[in-house]
Amino acid sequence: MPSSRTTPKCKSIASWIEDNLDSGSVVREESQGSSSWSSASIYETDSGAKYFVKTSRSQDLAMFKGEALGLNAMHDTNTLAVPQVFHYGQLSGKGQQGTFIAMECLDIRGRCDMAELGRQLGLMHLSTPQDENAKMGKFGFPVDNTIGGTLQPNKYMDDCIWDMTGDSRLNRLGDKLLPNMEHFFKGAGEIKPCILHGDLWSGNIAASGGQEAVHLDPACYYGHHEAEFGHVLVCASEVGVTGVKAVSKPNGMQIVM
């Protein structure tokens, strides 16, 4: 997967595709719906190539930069499928103000194998981080990102407990709990940071080509692997229920059914 980086502002998404992806002229744009913070479309060229593009009216690149870096970090583990990111950047053309991210358009159909998805997650959690800070045992991510429209601060920290509870609002709500958090991690052994999807629920996974699980819209950070499944439970999702779970043992992490 090529590294995703920004370039000077472009006049339109179609012009960026035509100038950079060597797949011909854009002949069709099809809306794929929208949310309160972004819209999605599929762009097709005269060669038949298709690209999935999300746009936002915001001039702040933080949301799409966080998504791009997260997808690349997951891809670098070589354990599961994510869409390839081609570019994220700003728009400057008439009626084209805002930001966008262009990525691979996948053949989304069918239902993925949930047990296989869980196994892949376990392998991702076991993979060696490529991030230098995470290699040194720090928890966080190079940039802040978002869960939906909600900011997720990812400042690097030495302790995964504070990585999970460092928000000032949570601190105020959890004054009685926070001083005793270490109690819940006794006997867990050495906890090493691993890359997490960060926003794992049924709406952010899909089947490509009929069955292969593909992970979408991450809010990645290097954290405690159990946080991944805590998020699943909060979302009341079936993800991980029939899958494989990575757990911490005194001599490191291992995969269990």
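Good morning. The model is a predicted one, in which local features need pLDDT of at least 70 and side-chain atom pairs count only at pLDDT 80 or more, whereas totals for chains, interfaces and linings use all residues. Residues are numbered from 1 along each chain as its sequence is written, and side-chain values use heavy atoms, with hydrogens and water left out.

I begin with the aromatic rings. A pair of aromatic rings is described by the distance of the centres and the angle of the planes. Rings of Phe, Tyr and Trp (its six-membered ring) pair if their centres lie within 6.5 Å; planes under 30 degrees apart count as stacked, over 60 as edge-to-face and the rest as tilted. How many aromatic pairs does a search of the whole structure find? The search finds three. In one of them, the ring centres of tryptophan 16 and phenylalanine 100 are 6.5 Å apart and the planes stand at 65°, so this pair is edge-to-face. Tryptophan 16 belongs to helix 1 (residues 13-20) and phenylalanine 100 to strand 5, so the pair ties together parts that are 84 residues apart in sequence. Helices (H or I, at least four residues) and strands (E, at least two) are DSSP runs, numbered from the N terminus. Both tryptophan 16 and phenylalanine 100 are buried. Buried means under 20% relative accessible area, exposed over 50%, and partly exposed in between, with a 1.4 Å probe and protein chains only.

Another edge-to-face pair joins tyrosine 51 and phenylalanine 86, with 5.6 Å from centre to centre and 85° between the planes. Because tyrosine 51 lies in strand 3 and phenylalanine 86 in strand 4 (residues 85-91), this pair ties together parts that are 35 residues apart in sequence. Is tyrosine 51 buried or exposed? Tyrosine 51 counts as buried because its relative accessibility is 7%, while phenylalanine 86, at 23%, counts as partly exposed.

I now turn to the spaces in the model. On a 1 Å grid over the protein atoms alone, a cavity is a set of points where a 1.4 Å probe fits but cannot get out, and a pocket is an open set with protein on both sides within 12 Å along at least five of seven lines; lining residues have an atom within 4 Å of a point. Grid points are joined across faces, edges and corners, and a volume is the space filled by probe spheres set on the points.

The second largest pocket has a volume of about 720 Å³. Of its 31 lining residues, Phe52, Lys54, Glu67, Leu216 and Asp217 are the closest to the centre. Helix 2 gives the largest share of this lining, four residues.

The structure has one cavity of 30 Å³ or more. The residues lining the largest cavity include Ala73, Pro129, Gln130 and Tyr222.

Two of these names return with lysine 135, which lies in helix 4 (residues 132-135). Apart from neighbours within four places in sequence, lysine 135 is in contact (heavy atoms within 4.5 Å) with Pro129 and Gln130. Lysine 135 counts as partly exposed because its relative accessibility is 45%.

Finally, glycine 209 sits in the loop between strand 9 (205-208) and strand 10 (212-215). Its C-alpha atom is 6.4 Å from that of isoleucine 108, 101 residues away along the chain. Beyond neighbours within four places in sequence, glycine 209 is in contact with Asp107 and Arg109.
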